[in-house]
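This briefing is intended for a reader who is meeting the structure for the first time. Please keep the sequence and the model in view while reading the points that follow.

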Amino acid sequence: MAAAPFAEDTPQSPFELVREARVVIRSYYVGPQLDVKRICAHVYRDSPRQIKSGIAIVRLDGTSGGETSFAANNPQRPHKQNQPQNPQNTSSIPTVMTDAVLASEFKGPFGPLRRFVVLFPYGSAVFFNATESQIRYCLNRARLYTPAPIAAPTTDDYSLLVRPNAAEWFVQHPDSMELREFSVNSIRVISQVLAQTVAMDHYEQKVDTMLDRFRSLNARLEAEGALSMDKTKLFKLIASNNAILTDMITQLKLLDRSDTAWRYGRYDEMWTSLREDFEVSERFSTLEFKLTHVQHNTKFFLEVLHNKKSDLLEWIIIVLLAFEIVLCTYEIILATEDRRKNSSDGDDSNDDNESEEHQGKAIIVKEQKSVQ
């Protein structure tokens, strides 16, 4: 096992042991092939950030500590003047954060209140404690860095309750989780699963649209007994079907384990629990079944189009053969007529020759009689 690159959060004072914070997480799918490096370079060039394995973690400007996210009914909460202050400026934070700097961002009582966005190259963006204006700004800019932006991005929400004094390290609830320590590793694991699930929502919509098209084609074929579909459109459906399955395996990496979960056992438990809560494996199996069904439909319609083309070619061959037979018959008739004409001309010439011979003989006989 590799050594842990991040130090885990540990309570710094009794004050931290009694604080609770709720982290609001919202995930969106913007579009495929999101250019994360260009977004960081142009949109968030002055914001602290880290890019690793193509995934960017960006601290959003205007982070506010506030006290509204903390549990209001905490009886052991100390007086406000004894509470540590959350620094508002980020001038002391380097623009490109190292592992150590990024890990330190989540230390202390205000760690769970940091506002971050995690950007994934396959098109997902996961926000932690971000305001509506920050989310709108990021999504509007991100649409400019994807070749096919989604008109209505798929989205999902999740809630994380950070309780430093909790007995269990994490407790999974439907659509929420209680966590004892909030760290960058937690962000990596949670954001990965949420990014995958909103991307799968988008692919599920695309596959359902493809199935609807094939359903209408099957209904038309059943009613009319004939298929009227452009072969180019069918090829596009085949390419889209193959691209979806390839993207889910190679881009979303639904069959791969999280790097953080692979390195740390308890994060592996968190990763597994999150995938079970969002039913990632079951949804992938369902999508795979639907894609296989689409493949069977495309194969059927390709065979229908191929048979239709074969029938057309057969009729063309039949017409050509019929034309050739007619042409040969016509040539035979012409040849017969020519022979018949030539034969008739030959008979006429023979009759003329015979009449001339008779006339010649008659003249000779007549001359002989006159001489006698």
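A network of salt bridges links E20, R163 and E178 in this predicted model. A search of the whole structure finds eleven salt bridges. Side chains of opposite charge can pair when their charged atoms come close.

**Salt bridges between parts of the chain**

- R266 forms a salt bridge with E181, and their closest N and O atoms are 3.3 Å apart. This pair links distant parts of the chain, 85 residues apart: R266 belongs to helix α8 (residues 265–277), and E181 to the loop between β8 (176–179) and α5 (184–224).
- R266 counts as partly exposed, at 29% relative accessibility, whereas E181 counts as buried, at 14%.
- D208 and K290 meet through their side chains in a salt bridge of 3.0 Å, N to O. Here too distant parts of the chain are linked, since D208 is in helix α5 and K290 in helix α9, 82 residues apart.
- D208 is partly exposed at 32% relative accessibility, and K290 is partly exposed with a relative accessible area of 23%.
- A salt bridge of 2.3 Å, N to O, joins the side chains of D268 and R257. Because D268 lies in helix α8 and R257 in the loop between α6 and α7, the pair ties together parts that are eleven residues apart in sequence.
- D268 counts as partly exposed at 21% relative accessibility, and R257 is partly exposed with a relative accessible area of 42%.

**Chain as a whole**

- The secondary structure comes to nine helices and eight strands.
- The chain has 372 residues, of which 38% count as buried.
- Of the contacts with a separation of 6 or more, 76% are between residues 24 or more positions apart.
- The accessible surface is about 21,200 Å², and 54% of this area belongs to carbon and sulfur atoms.

**Strand pairing**

- Strand β1 (21–29) pairs with strand β6 (residues 154–162) in the antiparallel sense over nine bridges. In this pairing, T154 in β6 is the bridge partner of Y29.
- β1 also pairs with β5 in the antiparallel sense, over five bridges. F127 in β5 stands opposite R26.

**Surface and backbone**

- F323, L327, Y330 and L334 make a nonpolar surface patch of about 420 Å². L327 lies in helix α9 (residues 280–371) and is partly exposed, with a relative accessible area of 38%.
- Most residues other than glycine have a negative phi, and most peptide bonds are trans.
- Q33 has a positive phi, near 55°. Q33 lies in the loop between β1 and α2 (36–42) and is exposed, with a relative accessible area of 60%.
- K253, which is not a glycine, has a positive phi of about 55°. K253 lies in the loop between α6 (231–250) and α7 (259–263) and counts as partly exposed at 42% relative accessibility.

**Confidence of the prediction**

- The mean pLDDT of the chain is 79, and 73% of its residues reach 70 or more.
- Among the elements of the chain, strand β5 (residues 124–128) has the highest mean pLDDT (96) and helix α1 (residues 14–17) the lowest (38).
- Over residues 1–18 the pLDDT stays under 50, and the model has 43 contacts beyond four places in sequence for them.
- Over residues 62–91 the pLDDT also stays under 50, and the model has 52 such contacts for this segment, beyond four places in sequence.

Terms used: Residues numbered from 1 in each chain as written. Predicted model: local features only at pLDDT ≥ 70, side-chain atom pairs only at ≥ 80, totals over all residues. Heavy atoms only, no water. Helix = DSSP H or I, 4+ residues; strand = E, 2+ residues; numbered from the N terminus. Buried < 20%, exposed > 50% of the residue type's maximum accessible area, 1.4 Å probe, protein only. pLDDT = per-residue confidence, 0-100. Contact = heavy atoms within 4.5 Å. Pairing = 2+ DSSP bridges. Patch = residues over 30% accessible without salt bridge, like charges linked within 9 Å, V, L, I, M, F, W, Y side chains within 5 Å. Areas by Shrake-Rupley, 256 points an atom, 1.4 Å probe, with all protein chains shown as cover. Salt bridge = Lys/Arg side-chain N within 4 Å of Asp/Glu carboxyl O.
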